[in-house]
Amino acid sequence: MSEKKLGLVALIALVIGSMVGGGVFSLPQNFASVASPGALLIGWLITAVGMICLALIYQNLSARCPQLEGGIYSYARAGFGDFIGFQSAWGYWFSAWLGNVSYAVLLFSALSFFFPVFGLGNNWQSILGASIVLWLVHALVLRGVQEAAMINTVLTVVKVLVLLVFIVAVVIAFRIGIFTADFWGRLMLVDGSHPALFDQVKSTMLITTWVFVGIEGATVVSARAARRADIGKATVIGLLGCLVIYILVSVLSMGVLDQATLNGLKNPSMAGVLESVVGIWGARLVAGGVVLSVAGALLAWTLFSSELPYVAAKDGMFPKIFTKTNANGSPAVSLWITNGLIQLFLLLTLVYSAGYQALFSIATAAILPPYLFSAAYGLKLAITGESYQPGETRTRDLILGLIGTVYGFWLCYAAGSQMLLTSLLFVPGLLVFLWHQKNQHAERLLKGYEALIAVLLVIVALITLYMIATGHITLG
């Protein structure tokens, strides 16, 4: 049976579906808790420049390097060697499937708005329901990536419609006097803080760091795209669509309710904002939107978390068993292993939620270094001229690569202590890499610069363990 390929619409839906999870529905309160409207606008401006540059870099790389079918992982490997490539794949994979555990819990937490029996999403009823949903998604992906992508497209369209209803309502209810009353944050927040403008801007960007995770979605499944050019188009279109939605949701909300009131809303805070405009049905609409949004994100990230080990294994970076597919072309073994781990950790949240939260804190920021390496690879190609025709201009790509690389460093910096915690994930990855290299009968397990990076990684991990033990860093 010939494998069906993904068209432009399906790829755009994967990008948007992976980025728009549950976080967008909490943006009004999240931003109001740390920043004034003026600081928020500055933060979005910086974020827009950085993310647009990153999207254009992915578009450029997908066109110039068609042989690199693993996207975000492949770029790290091509630019900086097998060790960096493996660690990027390792960190991305762990972040993706651990993130799906949180999506499964969040799904049933959102359902508790309609069915209170599910509580906070981590009781036995919720874990049982989440397990059923997990294996239904598993069965869907086994039927073929194309079929799963079609369902994701439908879910993405519906949740975007919910967001558009919210945006239209707050546009009508927007009051410029509320928006400008404390434009630069001269008043103290409800917790008594009075942060300077720079601190406010930095805090907004700590939030925007996470809501764009998934921008690389089309590149992860690039081998399944019907047309190579669609990968870059989907990345840029998906990014611009999400950027507009995020800005409108967060900025317009500050013209409906004042900052202190927004900060006091229970999440998902969009429900409280819309309820203040149209009544209780608005809160119910948002709650339903959260359910559909999280379900779509769960499906999209199931595709990514099974696809990346499959591609890495085909490249010889992961064990060969991950390359096995079924008759429908789905990465069956990778899917079974990944969803088996998700099921295990769903049970862990039931009996030992603190353990899961600790691991999630460690894995969350591990998805950020691949963004940095992708941007740096784009910069490297523009500097060396590799993949460019003689005489072809590289000025635009040099500027994009430079801005994207600086922004990639910023993302890692903004993650703060979570970035240090990732060393506790990458050190086991180092051991797995060495074991795999030995089994591959590699002449050298690590090259010179890779050995130096490995030593620094171990040192950072030891320092991080010390900081955890002394209370300077907390897990969860």
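This is a predicted model: local features need pLDDT of at least 70, side-chain atom pairs count only at pLDDT 80 or more; totals for chains, interfaces and linings use all residues.
User: Does H4 pass H19 in a left-handed or a right-handed crossing?

Analyst: Right-handed. Residues are numbered from 1 along each chain as its sequence is written, and side-chain values use heavy atoms, with hydrogens and water left out.

User: What makes H4 oblique to H19?

Analyst: The axes of H4 and H19 (residues 423-439) cross at roughly 125 degrees and come within 10 Å. That angle makes the pair oblique, because under 35 degrees is roughly parallel, over 145 roughly antiparallel, 65 to 115 roughly perpendicular, and the rest oblique. The axes are lines fitted to C-alpha atoms over the stretch in contact, with angles from 0 to 180 degrees between N-to-C directions.

User: Which residues of H4 and H19 meet there?

Analyst: On the H4 side they are Asp82, Phe83, Phe86, Gln87, Trp90, Gly91 and Phe94, and on the H19 side Leu425, Phe426, Pro428, Gly429, Leu430, Val432 and Phe433. Meeting here is contact, that is, heavy atoms within 4.5 Å.

User: And why is H4 called oblique to H5?

Analyst: The axes of H4 and H5 cross at roughly 120 degrees and come within 9 Å, so H4 is oblique to H5 as well. The crossing of H4 and H5 is right-handed. Ala104, Leu107 and Phe108 in H4 meet a set in H5 that includes Gly129 and Ala130.

User: Why is serine 112 called buried?

Analyst: Its relative accessible area is 18%, so serine 112 is buried. The cut-offs are under 20% for buried and over 50% for exposed, with partly exposed in between (1.4 Å probe, protein chains only). Serine 112 sits in the loop between H4 and helix H5 (124-142). Beyond its neighbours within four places in sequence, it is in contact with Phe118 and Gly119.

User: How do you know that serine 112 has a polar contact with serine 109?

Analyst: A polar atom of the serine 112 side chain lies 2.4 Å from the backbone oxygen of serine 109. The limit is 3.5 Å between N or O atoms; within protein, one must be able to donate a hydrogen and the other to accept it, and residues adjacent in sequence count only through two side-chain atoms.

User: Threonine 47 next. Why is that one buried?

Analyst: The relative accessible area of threonine 47 is 0%, so it counts as buried. This residue belongs to helix H3 (residues 37-64). Leaving aside neighbours within four places in sequence, threonine 47 is in contact with Met205, Thr208, Phe212 and Tyr407.

User: Which residues touch the most other members of the largest nonpolar core?

Analyst: Among its 159 residues, these are Phe212, Tyr246, Trp301, Phe318, Leu346 and Tyr371. Helix H4 (residues 72-111) supplies the largest share, 23 residues. Such a core is a set of buried Ala, Val, Leu, Ile, Met, Phe, Trp, Tyr and Cys residues joined through side-chain atoms within 4.5 Å. Helices here are DSSP runs (H or I, at least four residues), numbered from the N terminus.

Notes
Helices (H or I, at least four residues) and strands (E, at least two) are DSSP runs, numbered from the N terminus. A crossing is left-handed if the near helix is turned anticlockwise from the far one by less than a right angle, and right-handed if clockwise.
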